[in-house]
Structures are given as C-alpha cells and as structure tokens.
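Please look over the sequence and the model shown here before reading the notes that follow.

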Amino acid sequence: MNGWRGASPTARLLLVAVLLTGLTTFMFLPLLAIELTAQGIPAGRTGFLVGLLAFSSQAFSLLSGLLVDRLGPRRVMAAGFLLRIAGYVLLGLGGAGRPAPLVAGIVAVGVGGSMLGLSTKTLLVSQEGSDPRTMLALRSTFVNIGVVVGPALGALVYPLGFRYILAACVLSHLVLGIGLVSGRTAAAVPGRTAAKATGPGAAPDATAGRPGEVTRWTLLRHWAPLAALGVAYWAIYSQLNVLLPIAANELTGSTAAISVVFTANGLLVVLFQYTLLSRVFRRATARTLLALGFLAFACAYAVLIPLAGWYSLLAFVLPVTLAEMLIGPSLDEQAVNAAALRRTGLALGTMSAAGALGSLLGSSLGGQLLQATRGGSRAWVLLVGCSLAAAAICLLLPKVRTRHA
C-alpha cells in the first residue's frame with residue numbers, strides 16, 4: 001500500500017495498534033455470550049450484558065470526543081488503555097456468583113474502547129503528510145482484518161479457556177499502551193488536519209473572526225444533514241444483524257448462509273477499501289461518495305426483493321460491501337472537514353453518537369418490521385426507499401473538496 005509506505009512512523013504505529021486491538025476485540029466479543037451462558041447466567045441477563053457493552057462504548061462517544069479536544073488525544077488514549085486492561089481483568093474475576101466485577105468489567109471495556117477509538121482516529125486524521133481520507137481508509141482496512149481473523153483466532157484459543165483470550169487482550173493492550181503513550185510518538189495538535197477542506201462549504205476557522213451568525217449557519221448547514229446521514233447509515237446497516245440472518249436462513253435453508261455473507265464482506269473490505277477510496281475515487285468529494293454509497297445500499301436491498309435464494313443473497317454482498325466502504329470513512333471525513341479548529345474529537349464523537357442512535361433505532365424498528373411484514377419483500381422495498389431518501393439528503397451537504405497530501 002502506498003498509503004502505508006508514505007505514512008509517518010506515528011501513523012504506522014497507530015495502525016498497528018488498530019490491527020492488534022481489533023484482533024483481540026474480535027477474539028473476545030463473539031464468544032462473550034457463549035462464555036456467560038456457560039457460566040450459568042440466564043439468556044435474558046446475558047443479552048443485557050452483551051448489549052451493555054455496546055451501549056457503554058456508543059453512549060460515551062460524545063464525551064470521549066470532548067475529552068480528546070480538552071485533554072489531548074494522547075492522554076485520552078492512555079486512559080482508554082488503562083480502562084480496557086482493568087475491564088478485561090474484572091471480566092476474568094467475575095461470573096454468575098460475582099456479578100459486580102462482571103458488570104464493572106463490561107462497562108470499563110466499552111468506555112475504554114470508545115476512548116481508544118476516538119483518540120486514535122483523531123491522531124490519524126491529524127497526521128502531517130497524509131490526508132484524512134487515506135488514513136481513514138487504512139484504518140478501516142486494518143479494523144476489518146481484525147473482524148475477519150479475530151473470530152477464527154478466538155475459536156482456536158477458546159478450548160483452552162476463555163481466560164486465555166482475556167490474557168491475550170490484557171497483554172496486547174499493555175504492550176501497545178506502553179509503546180504509544182510512553183514512546184516518542186508525535187501528538188497531533190487537536191483539530192489540526194494534514195489536509196484541509198476547501199470550498200464554499202468548508203467550516204470557518206474558529207479564529208478567523210467571522211460573525212457568529214455566519215459561523216453557526218455554516219456549521220448547521222453541515223451538521224444537520226450529516227448527523228441525519230449518520231443515523232440513517234447505522235439504522236440501515238444494522239439490518240445485517242437483525243433482518244438479514246433470518247432472511248438468509250429463509251432464502252437458502254442454511255444457517256451457515258449469514259456466515260458466508262459476513263466472511264465475503266470482510267474479505268472484500270480488506271482487499272479493496274484502500275484502493276477504492278485512495279485510487280478509484282481519489283478526487284471525488286465526500287458528499288459524492290456518500291450519495292454513491294446510499295445508492296449502493298438501495299441496489300443491495302433491491303436484489304433481495306425477488307427472494308431468489310442463494311442468487312439474491314450472493315448478489316447482495318457486493319453492493320452492500322461497496323456501501324460500507326464508501327459511507328463509513330466518508331462520514332468521518334465530512335465530519336473532520338466540518339469541524340472548527342480544535343474540535344476534531346468532538347466532530348468524530350458526534351458521528352459515533354449518531355451511529356449509536358441509528359443502531360438502536362435500526363435494531364428496534366427492524367424487529368418491528370420483521371413482525372409486521374411476516375416475510376415477503378415489503379421490508380426490502382422499505383429499506384430501498386430509506387436508502388434512496390438518504391442519498392437525496394447527501395445533496396444537502398456542502399460540496400467540500402479535500403486537498404490531498
């Protein structure tokens with residue numbers, strides 16, 4: 001990857017941290033519910049605890065962004081590593097008979113993950129010599145390596161005991177924390193980006209002395225549709241975990257069908273994410289990429305309407321992966337471009353909070369939709385309509401071009 005070769009030593013170290021924390025997280029996460037159930041915890045309480053992990057991470061994202069801007073990403077990263085290490089240790093000490101350390105450990109892992117994610121993302125988009133799009137594309141690629149490889153590693157280690165997985169998480173976070181926090185990594189200036197947004201829709205410099213009304217209107221023009229798109233993206237994307245597993249089983253008669261979808265999705269992202277954003281769509285604006293991504297979502301759900309078994313399911317994989325590759329990093333890029341100086345952490349935290357709301361709404365409404373439609377194609381028609389509406393909202397975003405490094 002040219003982006004990797006051209007990245008600074010700090011950026012490379014951050015990307016390695018993204019890879020290793022992703023690997024250990026996805027070794028641990030898919031097996032958490034299995035382990036809790038094996039400890040004799042009832043299914044209802046297990047579901048609550050797994051949901052608490054996601055909620056702790058997502059609900060804290062806005063505050064994490066504020067802390068990154070106020071304290072600096074390096075300090076927040078240190079706190080994130082400490083919280084995650086403490087959380088994994090508490091999970092090892094907890095169990096059916098000791099609920100307090102179990103709950104505390106889950107909350108600590110979730111909050112620590114939020115702090116780590118936003119601090120590393122802020123540092124990556126603020127690296128000199130690299131533009132935010134390249135760094136976000138590389139980050140997405142490394143995250144998805146963890147998504148693909150992590151569960152397989154977890155399945156290999158789990159027969160030895162869940163505590164071995166927790167020990168791997170603790171060890172990796174300890175080593176990375178020492179390397180990143182105490183090493184001579186250049187801490188980026190909060191809010192400074194290596195590639196600045198230009199164009200009529202660029203967020204004004206907070207120090208430029210423009211009238212307050214102009215600044216507020218410009219920010220509102222960015223953030224109202226951008227936040228709506230963040231909610232829409234995660235509401236639509238969450239159907240991969242709500243509607244699609246059930247539909248895949250009904251379409252194919254195989255419980256393994258959804259695993260095929262997720263594996264193919266992860267591999268495609270790893271192979272093509274960086275090339276797509278940094279080569280194919282290098283000169284496209286983030287607004288254009290977002291519109292194309294939501295149109296790809298519409299195509300993905302449209303191919304499920306005929307209910308053509310494996311043909312529909314396999315045809316679904318490519319456009320839904322294209323949507324994921326285009327929308328996820330582009331939302332963050334547009335947020336960074338819209339942020340005032342020294343507000344990069346808050347901008348990224350706001351997008352994470354919008355994602356949390358979208359995931360909650362999508363999961364809730366997806367379940368209701370499943371009950372209301374009782375199979376058939378009406379759910380997919382509705383999702384196509386939502387995707388097209390989101391693509392139209394993209395046109396409300398200011399057209400901002402990023403000057404690539």
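Rings of Phe, Tyr and Trp (its six-membered ring) count as a pair if their centres lie within 6.5 Å, and the pair is called stacked if the planes are under 30 degrees apart, edge-to-face if they are over 60, and tilted for the rest. On this basis Y233, W234, Y237, F294, F297, Y301, F316 and W380 form one aromatic cluster. The model is predicted, so that local features need pLDDT of at least 70 and side-chain atom pairs count only at pLDDT 80 or more, while totals for chains, interfaces and linings use all residues. Residues are numbered from 1 along each chain as its sequence is written, and side-chain values use heavy atoms, with hydrogens and water left out.

**Confidence**

- The pLDDT is the predictor's confidence in each residue, from 0 to 100; the protein chain has a mean of 83, and 87% of its residues reach 70 or more.
- Where pLDDT is low, the predicted coordinates should not be read in detail.

**Aromatic pairs**

- The count comes to 11 aromatic pairs.
- The rings of Y233 and F297 have centres 6.0 Å apart and planes at 40 degrees, so this pair is tilted.
- This pair links distant parts of the chain, with Y233 in helix α9 (residues 212–237) and F297 in helix α12 (residues 286–302), 64 residues apart.
- Both Y233 and F297 are buried, where buried means under 20% relative accessible area, exposed over 50%, and partly exposed in between (1.4 Å probe, protein chains only).
- The rings of Y301 and F316 have centres 5.5 Å apart and planes at 65 degrees, so this pair is edge-to-face.
- Y301 in helix α12 and F316 in helix α13 (residues 310–338) are 15 residues apart, and both are buried.

**Around S114**

- S114 lies in helix α6 (residues 99–125) and, because its relative accessibility is 6%, counts as buried.
- Leaving aside its neighbours within four places in sequence, S114 is in contact with S57, F60, S61 and S64.
- A polar atom of the side chain of S114 lies 3.3 Å from the backbone oxygen of S57.

**Cysteines**

- The count comes to 0 disulfides, a disulfide being a pair of cysteine sulfur atoms within 2.5 Å.
- C169 is buried because its relative accessible area is 0%, whereas C299, at 46%, is partly exposed.

Key: Helices (H or I, at least four residues) and strands (E, at least two) are DSSP runs, numbered from the N terminus. A polar contact is a pair of N or O atoms within 3.5 Å; within protein, one must be able to donate a hydrogen and the other to accept it, and residues adjacent in sequence count only if both atoms are side-chain atoms. Contact means heavy atoms within 4.5 Å.
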